[in-house]
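This report concerns charged side chains and how they pair. Please consult the sequence and the model shown here while reading.

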Amino acid sequence: KEDATLDDLETLLGFWKRVDAQEGFSERVLRRLFVLNYAPNGMWTYFVSVYYMANRDSDGLLNDDRFYSFLNKITAFIWAYAVTNPGVNALRTPIFAEMINIVTGQPVRFSDYLFDTQKLQNAFDNYTFSNNRAITKAMLTWWAFQNSSQELLSLESVLEIEHIYARNRQEKEHSLSNPRNVESLGNKVLLEKRINIRASDYRFSDKVKYYTGFENNRKQKKEGTKIKELTDLAANATDFTESDIGERNAKIILNFITFMHNNDLLCED
């Protein structure tokens, strides 16, 4: 019943309209918001709403540096928590505690929920990143945007999970010493739904033309992917093998652990 309630709601609506339109923020903030759009659950939206209402200035704007740092920290925490404590209900406890800190002017630190480095590493190493788990696409989106050359994509983009080493290839060749590697995070990448790779095109050399774009038999130009990692891979590699899967998987996890460290979410040794 407070007089300011309706104005507050209108201001909050304006904030989320800017997020949805991808305007009114710096490029780096928009990139972080894009990644959060693929979060394994919607809890982040409530968190960001509380942050915005507590930290907006008289013009309804946020300090870019502080907002960017906040988005990085919550991304790191939510992603890691989804692996170690799956389920949105588990996330509510640490998030609610930090909401209180935001409202009372305290920094967001997740001090009572820091991660042990080795346990986190083990959790990621042993986690099955199947396509039906939301954290899988979330991790792949985070990884895609760790590349500073990755352009910002529209929130309307429809992205799917692509197996670089095709499942169809494994079924035909049985060339992986560990068949489970075909479902490894190191073998998965984002790819636009509009790029329809036929099941018969299972060799990496066949896939490359879809990644980079090509002209079909009817002289129609088929646009390639906007996922920078894929276009780089297509330009620099002649094949994608089991060892490449393992190396890329280790690289993604190592970079995520570093991301956690940079956001002060790991216990001190």
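## Salt bridges

A salt bridge is a side-chain nitrogen of Lys or Arg within 4 Å of a carboxyl oxygen of Asp or Glu. This is a predicted model, in which local features need pLDDT of at least 70 and side-chain atom pairs count only at pLDDT 80 or more, while totals for chains, interfaces and linings use all residues. Residues are numbered from 1 along each chain as its sequence is written, and side-chain values use heavy atoms, with hydrogens and water left out.

The structure holds 11 salt bridges. Among them is the pair R56 and D8, whose closest N and O atoms are 2.8 Å apart. R56 lies in the loop between α3 (43-55) and α4 (64-84) and D8 in helix α1, so the pair ties together parts 48 residues apart in sequence. Helices (H or I, at least four residues) are DSSP runs, numbered from the N terminus.

## Pairs and exposure

Accessibility is described as buried (under 20% relative accessible area), exposed (over 50%) or partly exposed (in between), with a 1.4 Å probe and protein chains only. R56 is partly exposed at 26%, and D8 is likewise partly exposed at 26%.

K188 forms a salt bridge with E183, with the closest N and O atoms 3.0 Å apart. K188 is buried at 0%, whereas E183 is partly exposed at 29%.

K228 and D232 form a salt bridge with a closest N to O distance of 2.6 Å. Both residues lie in helix α10 (residues 228-236), 4 residues apart, about one turn of the helix.

Key: Helices (H or I, at least four residues) and strands (E, at least two) are DSSP runs, numbered from the N terminus.
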